[in-house]
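I opened the model and kept notes as I went. The entries follow in the order in which I looked things up.

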Amino acid sequence: MTVLGIESSCDETSAAVLRDGALLANIISSQFFHHAYGGIVPELASRAHVRAIVPIIREALAEAGISLREVDLVAATQGPGLIGSLLVGLNTGKAIASSLGVPFLGVHHIEAHMFSTFLSDPHPDFPFLSLVVSGGHTLLVHVRGVADYQTVGSTIDDAAGEAFDKVGKMLGFGFPGGPEIDRRAALGAANAIPFPRPLLDSGDFGFSFSGLKTSVLYYLRKHHRDALQDHSAIPDDTLNDICASFQRAVTDVLITKTLRAADALGVRDIALAGGVSANRELRARLTAAGAREGRRVFVPDAAFTTDNAAMIAKLASMRHAHGAVGSLHAPAFARVSPDMRHATA
Ligand code: KG4
Ligand code: ZN
């Protein structure tokens with residue numbers, strides 16, 4: 001079984017080839033030009049996907065050493081994401097599937113992130129708890145099997161990645177802010193500034209990161225008023241301390257709530273997923289904290305943390321093995337209820 005996966009939900013164009021479970025290629029092209037705008041410009045993203053998609057698919061096939069005719073199943077991201085971007089990959093995938101006469105499977109982007117640890121060995125056993133931390137989502141999902149999920153917690157406002165990006169912007173870093181905060185946090189003191197741990201003891205598994213972001217803003221206004229206009233006004237050491245303290249607050253909440261949810265659900269295995277799973281402190285501390293409680297924590301390989309088509313191809317192959325037949329009518333969707341039921345129906 002040879003699967004061609006396509007991902008174009010946001011600012012990355014990606015194509016991957018998976019043959020009998022082995023990943024043969026995973027090409028990712030990032031749209032760096034958005035950096036100049038401080039965020040993603042949807043219309044420009046769509047146009048860049050149109051230019052990139054065919055060359056990227058060709059490159060993936062060439063790297064895998066296969067011809068298009070050998071593809072048995074085509075899969076592309078249906079959503080959630082930017083609708084114009086999604087339509088490019090989705091329609092390209094449908095066109096290829098229809099011309100080859102093979103099935104087409106629309107894949108849910110967040111669901112694919114949840115299975116990104118299945119691209120490596122060992123991977124979690126069912127049932128496991130997935131902590132999805134991406135630019136748009138923060139979710140705790142009880143994964144009982146393929147297409148059998150229950151969302152047990154989500155964010156009531158900003159996603160974790162969004163908080164990293166907004167704080168990064170306040171501090172004058174490029175977009176996205178996560179990687180630079182991660183880098184600087186390793187150089188700063190995590191206990192320098194007592195930022196709040198929102199909803200830490202709320203008694204449920206909900207998250208909220210908007211107030212934490214505002215606390216960083218108030219801190220800057222109070223102690224480094226000029227910095228909001230001129231970022232070079234903050235000494236490097238202070239910047240590092242702010243990053244370390246902010247990141248410690250985010251990871252404290254994520255780790256504490258994830259472990260409590262695993263306990264409440266009685267699951268042993270935890271899988272981290274989404275762009276923020278690249279964060280070194282989150283990976284290391286969640287793994288260590290889980291191990292102390294006898295849990296196995298799985299983190300995706302670096303190449304599978306941020307958006308990639310390998311995870312799309314992987315989930316498609318797993319869903320196909322579970323009887324999903326797919327459809328050329330699979331629509332694109334910008335948003336979707338977090339339990340993903342409709343995407344897996
Ligand atoms: O999953 P993803 O690539 O895209 C979405 O589906 O949203 O996640 C992107 C997010 C961005 O908010 C980015 O700042 C964050 O992942 N991110 C990080 C790191 N690398 C990427 N956040 C914290 N630390 C990192 N090392
Ligand atoms: Zn993503």
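**Entry 1: the ligand**

I began at ligand 1 and found a polar side-chain atom of Asp182 2.8 Å from one of the ligand's nitrogen atoms. I count a polar contact as a pair of N or O atoms within 3.5 Å; within protein, one must be able to donate a hydrogen and the other to accept it, and residues adjacent in sequence count only if both atoms are side-chain atoms. The protein buries 88% of the 550 Å² that ligand 1 exposes when taken alone. Accessible areas come from the Shrake-Rupley method with a 1.4 Å probe, and for residues only the protein chains shown count as cover.

A note on the source: this is a predicted model, where local features need pLDDT of at least 70 and side-chain atom pairs count only at pLDDT 80 or more, while totals for chains, interfaces and linings use all residues. Residues are numbered from 1 along each chain as its sequence is written, chains are lettered from A and ligands numbered from 1 in the order in which they are written, and side-chain values use heavy atoms, with hydrogens and water left out.

I then looked at the backbone. A backbone N or O atom of Gly135 is 2.7 Å from an oxygen atom of ligand 1. For Gly161, a polar backbone atom lies 3.1 Å from a ligand oxygen.

**Entry 2: the shell**

How many residues surround ligand 1? I noted 19, with Gly135, Asp165, Asp182, Gly275 and Asn279 the closest; a residue is near if one of its heavy atoms lies within 4 Å. By class, the shell has five nonpolar, eleven polar and three charged residues. Here Ala, Val, Leu, Ile, Met, Phe, Trp, Tyr, Cys and Pro are nonpolar, Asp, Glu, Lys and Arg charged, and the others, Gly among them, polar. Domain 1 (2-114 + 304-321) and domain 2 (125-299) each give at least three residues to this shell.

**Entry 3: the two domains**

The domain bounds come from an automatic or database domain assignment. I read 27 Å between the two domain centres, taken over C-alpha atoms. In contact (heavy atoms within 4.5 Å) are 14 residues of domain 1 and 21 residues of domain 2. About 1300 Å² is buried between the domains, and carbon and sulfur atoms give 72% of it. Buried area is the accessible area (1.4 Å probe) that two parts lose on being put together, summed over both. Ile110, Met114 and Thr305 supply 45% of what domain 1 buries against domain 2, more than any other three residues.

**Entry 4: the backbone**

I found a cis peptide bond from Gly79 to Pro80, with omega near 0°. Another cis bond runs from Phe175 to Pro176, with omega near -5°.
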